[in-house]
Amino acid sequence: VTERGISLMAEQQVSNLLNNRQREFEGLSRQLSNWIGTGVGQAARRLQMEKILRCWRNGLYRGQDPAFELDLRGADALPEWDADFSHVRTVRINSGQLTDDAGSALLARFSRLKKLDILVQGQDTAALAGKLPEWTTITELSLAGLGQVYAPQFLRALEGMTQLEVLTLWGDTDSMDFSKLTGLRSLNVLGQRWPTGVLELPML
């Protein structure tokens with residue numbers, strides 16, 4: 001194969017890549033534009049569409065470690081899309097967006113997700129307890145909510161997330177045993193008492 005032949009092959013690969021990305025972007029734009037619709041909430045959905053499209057553009061180069069975040073807090077139920085978001089490392093979201101099957105399907109769109117930053121409402125924690133065991137790839141978790149009271153089953157489920165390396169937790173965690181989270185390298189707890197079992201964590 002001549003040097004000229006190699007150059008032509010490279011140019012063709014770049015052209016194919018750009019064409020594929022263009023088709024993917026157009027498909028995502030079309031799906032989100034249909035979702036915006038009209039009437040109440042249209043302006044908020046348009047802003048959310050712009051966030052999603054900006055985030056997608058960050059992932060033009062695939063195959064690298066995920067490094068970007070997407071803020072979905074307060075978004076209406078999002079439409080299905082075919083676009084690749086494997087470059088997203090962090091998703092910011094409200095707890096109410098995760099309590100049903102649609103929440104699980106939403107997170108599944110981010111195949112290399114490592115961090116969840118969740119604004120928690122107390123009434124959602126019992127339902128969320130059943131979702132935590134599904135989050136096996138999550139190594140960083142932030143749960144925020146002033147004066148938060150967690151359902152006992154939620155704290156038990158959280159104890160089972162032994163893959164966690166970074167945890168930030170606001171609210172009443174007095175009944176939680178942190179010693180089970182043996183992989184923790186960083187722990188931030190905004191509560192009233194010294195967290196139970198923290199002195200037994202070898203990597204803190």
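**Exercise 1.** Leaving aside its neighbours within four places in sequence, with which residues is Lys-180 in contact?

*Solution.* The model is predicted: local features need pLDDT of at least 70, side-chain atom pairs count only at pLDDT 80 or more, and totals for chains, interfaces and linings use all residues. Residues are numbered from 1 along each chain as its sequence is written, and side-chain values use heavy atoms, with hydrogens and water left out.

Step 1. Apply the criterion for contact, namely heavy atoms within 4.5 Å. Apart from those sequence neighbours within four places, Lys-180 is in contact with Glu-159 and Thr-162.

**Exercise 2.** Determine whether His-87 is buried or exposed.

*Solution.* Step 1. Recall the classes: buried is under 20% relative accessible area, exposed is over 50%, and partly exposed lies in between (1.4 Å probe, protein chains only).

Step 1. His-87 has 6% relative accessibility, so this residue counts as buried.

**Exercise 3.** Explain why the buried residues of helix α3 lie on the same side.

*Solution.* Step 1. In α3 (residues 101-108), the buried residues are Gly-103, Leu-106 and Leu-107.

Step 1. These residues cover an arc of only 95 degrees around the axis, which puts them on the same side of α3; the arc is that of the directions from the helix axis to the C-beta atoms.

Step 2. The buried residues of α3 pack against β2 (88-94) and β3 (115-119), whereas the face turned away carries the exposed residues Asp-101, Ala-102 and Ala-108.

Methods
Helices (H or I, at least four residues) and strands (E, at least two) are DSSP runs, numbered from the N terminus.
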